[in-house]
Amino acid sequence: MAAGTLYTYPDNWRAFKALIAAQYSGANVTVQSAPPQFQFGQTNKTPEFLKKFPLGKVPAFEGNDGFCVFESNAIAYYVSNDELRGINREAAAQVIQWVSFADSEIVPPASTWLFPTFGIMQYNKQATEHAKEEVKRVLSTLDDYLRTRTFLVGERVSLADISVVCALLWLYKQVLEPSFRQPYVNTNRWFETCVNQPQFKNVLGEVKLCEKMAQFDAKKFSESQPKKEAPKKEKEPKKEEKKEKKKEEKPAAEDEPDECDEVLASEPKSKDPYAHLPKSTFIMDEFKRKYSNEDTLTVAIPYFWEHFDKEGWSIWYGEYRFPEELTQTFMSCNLIAGMFQRLDKLRKTGFASVILSGINNDSTISGIWVFRGQDLAFTLCEDWQIDYESYTWRKLDVDSEECKTMVKEYFTWEGEFKHIGKPFNQGKIFK
């Protein structure tokens, strides 16, 4: 029987999977999720922790015998018994099927919908509406399957139920209000059956279903964000010499500070890729606000074309060079997200809608990018060149019907996408 320590942060739904499994199997799991034993963001970055868990990710499990394993599904599997894992090959395969379903079909749209309601991600109307439709599809799939079944695999709770319940947990608690969940009678019945099992309740407590759909709170989001202005203010204390103060004030007087500002401000002016360009009439931040908060088709796109400065900006089409390497759709989406994260310094002067088209093992990644100037932005700064060579790039004629059609399709995530030949799966916005 497994025994050991689970490192995590409080209320981590991924850690719940292992803890519920341990309740069923009898595994002896001790949790360390708070100081002084464990502090997320500090303890998991120490050399001692990284020696055991090289990625520094949690949840992470260390057995009393010294065995170490990370990734929540692997930990849950390790602390389970054979009944939870599947009593025969067929049952085990079904368990893996539903565990994968939770990761690839539930988690991505759930995150898109939920994160803005927690104040940890900016609200995007188009992305949220698409996520809601994806959640409906997931709930409908489960509802049809559970029409004649009590649990997902066999006649008892398995890792399949545990994984899918945990993936759905915050949807049911935060946004699936009665009218939204009402059509999915079988899914609701199964979910409530599971969370009311003693083993679930010992970990989750009393699960209260959502009564009113949580909405994005702009103030909450603003308050939750790191105050990037703070470093600039710290550099300008009253005690500092006037010369140093003057040196710091110049970049602070430009547009709202972000990481791009901080990098450009710390470099000589000659290294600013856009220093030679005249001031443009197209204000990217204004378009982004329209895109994020108003209807894309009737407001944001008309605003874009009305104000777009084709002399000061350019539009590019990019397509992933190696579609044969793309397997699971959720992994492909992580590839897009990783590229966006590494291009964080480009956000002030760039915008993109990148989509995944197709299905598992038959998909491709493509996108429309808007850049300051007439050159491909990635070539202008060494920090921006990490991923761009994995794509083919083509500058679009902004006056062409092709460009107008592609902008409409990629900005709305709707259309035929004839140049791709695969149906839209999901997308991500770089802004």
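## A helix across the sheet

In this predicted model, helix H3, which spans residues 72-79, lies across strand E1 (3-7) as well as E2, E3 and E4, and its direction makes an angle of about 135 degrees with that of E4.

## The sheet itself

The sheet is an open one built from 4 strands, which follow one another in the order E2-E1-E3-E4 with mixed pairing. Strand E2 (28-32) and strand E4 (68-70) each have a single partner strand and therefore stand at the edges, where one side of each is left without a neighbour in the sheet. On average, and with direction ignored, neighbouring strands of this sheet are turned by 20 degrees against each other.

At the E4 end of the order, strand E3 (residues 60-63) and E4 run antiparallel and are joined by 3 bridges. As for individual residues in this pairing, Glu62 has Cys68 in E4 as its bridge partner.

Gln174 belongs to helix H7, which covers residues 159-174. Is this residue buried or exposed? With a relative accessible area of 16%, Gln174 counts as buried, because that value falls under the 20% cut-off used for this class.

The side chain of Gln174 makes a polar contact of 3.3 Å with the side chain of Thr117. When neighbours within four places in sequence are left aside, the residues in contact with Gln174 are Leu114, Thr117 and Phe118, together with Cys210, Lys212, Met213 and Ala214.

How values were computed: Residues numbered from 1 in each chain as written. Predicted model: local features only at pLDDT ≥ 70, side-chain atom pairs only at ≥ 80, totals over all residues. Heavy atoms only, no water. Pairing = 2+ DSSP bridges. Helix = DSSP H or I, 4+ residues; strand = E, 2+ residues; numbered from the N terminus. Axes fitted to C-alpha atoms, helices over the stretch in contact; angles between N-to-C directions. Contact = heavy atoms within 4.5 Å. Buried < 20%, exposed > 50% of the residue type's maximum accessible area, 1.4 Å probe, protein only. Polar contact = N/O pair within 3.5 Å; in protein donor to acceptor, adjacent residues only side chain to side chain.
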